[in-house]
Amino acid sequence: MTTEPTQERHVTSGATVWLTGLPSAGKTTIATELAGALRAGGHRVEVLDGDEIREFISAGLGFTREDRHTNVQRIGFVAELLARNGVLVLVPVIAPYTDSREAVRKRHAAAGTPYLEVHVATPVEVCGERDVKGLYARQAAGELTGLTGVDDPYEAPEAPDLRIETQGQSVSQSAAAVRALLGERGLA
């Protein structure tokens, strides 16, 4: 009696999905939910969380415009590297400046690697109510300056591939919208 080896279903097309938005907008929550659904569908997925990247790859960088740009470029390099090797990379990172995000998009385009920009367009008032990390409270108390979208700029994407307004839908609905976009583009 012979048995054939069981083949696991792995989808090999990679892409980067950059989820940009204000602190506490829901970027990481959506990415985590989506990652689970994609993995269940046989996809190789990595989530490049901004806080983890700052701790391990961009330690020592501050929050000046130049340091933020450097951080985004480092994340963009890692994302493109993984994506061109068949991984769906979800990047829930604020990336407040248009020119930084555009440089990452161009890196992907030059390598022929799919890149999608998702604007998690949660209003600052809603983000302040969520205040997942206590940043808005610290800023209001005068303990923190340079909070993106409050006293530091956030340049919202003018033409993202997808805009999600999380205050009007559940996490699963938001993740499903991103997954639908991946499906429309033939990436998932």
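Where does T148 stand, buried or exposed, and what is its relative accessible area?

Author: First, the ground rules. This is a predicted model, in which local features need pLDDT of at least 70 and side-chain atom pairs count only at pLDDT 80 or more, while totals for chains, interfaces and linings use all residues. Residues are numbered from 1 along each chain as its sequence is written, and side-chain values use heavy atoms, with hydrogens and water left out.

T148 is buried, at 2% relative accessible area. Buried means under 20%, exposed over 50%, and partly exposed in between, with a 1.4 Å probe and protein chains only.

The residue lies in the loop between α6 (135–140) and β5. Helices here are DSSP runs of H or I with at least four residues; strands are E runs of at least two; both are numbered from the N terminus.

Now its surroundings. Not counting residues up to four places away in sequence, T148 touches L22, P23, R68, I94, P96, P153 and Y154. Contact means heavy atoms within 4.5 Å. V124 is 24 residues from T148 in sequence, and their C-alpha atoms are 9.6 Å apart.

Step back to the fold. The chain has seven helices and five strands. Their order from the N terminus is β-α-β-α-α-β-α-β-α-α-β-α. Of its 188 residues, 44% count as buried.

Next, the cores. A nonpolar core is a set of buried Ala, Val, Leu, Ile, Met, Phe, Trp, Tyr and Cys residues joined through side-chain atoms within 4.5 Å. The largest has 28 residues, and those with the most contacts inside it include V17, L34, V118 and L182. Two or more residues each come from β1 (15–20), α1 (27–40), β3 (88–92), β4 (115–120), β5 (162–164) and α7 (171–184). The largest share, five residues, is from α1. V17 shows the packing: leaving aside neighbours within four places in sequence, V17 contacts V89, L90, V91, L116, V118, V178 and L182. A second, separate core of 14 residues includes L48, I75, V93 and A95. In soluble globular proteins, nonpolar side chains tend to be buried together.

Last, overall dimensions. The C-alpha atoms fill a box of roughly 75 × 35 × 30 Å along the principal axes.
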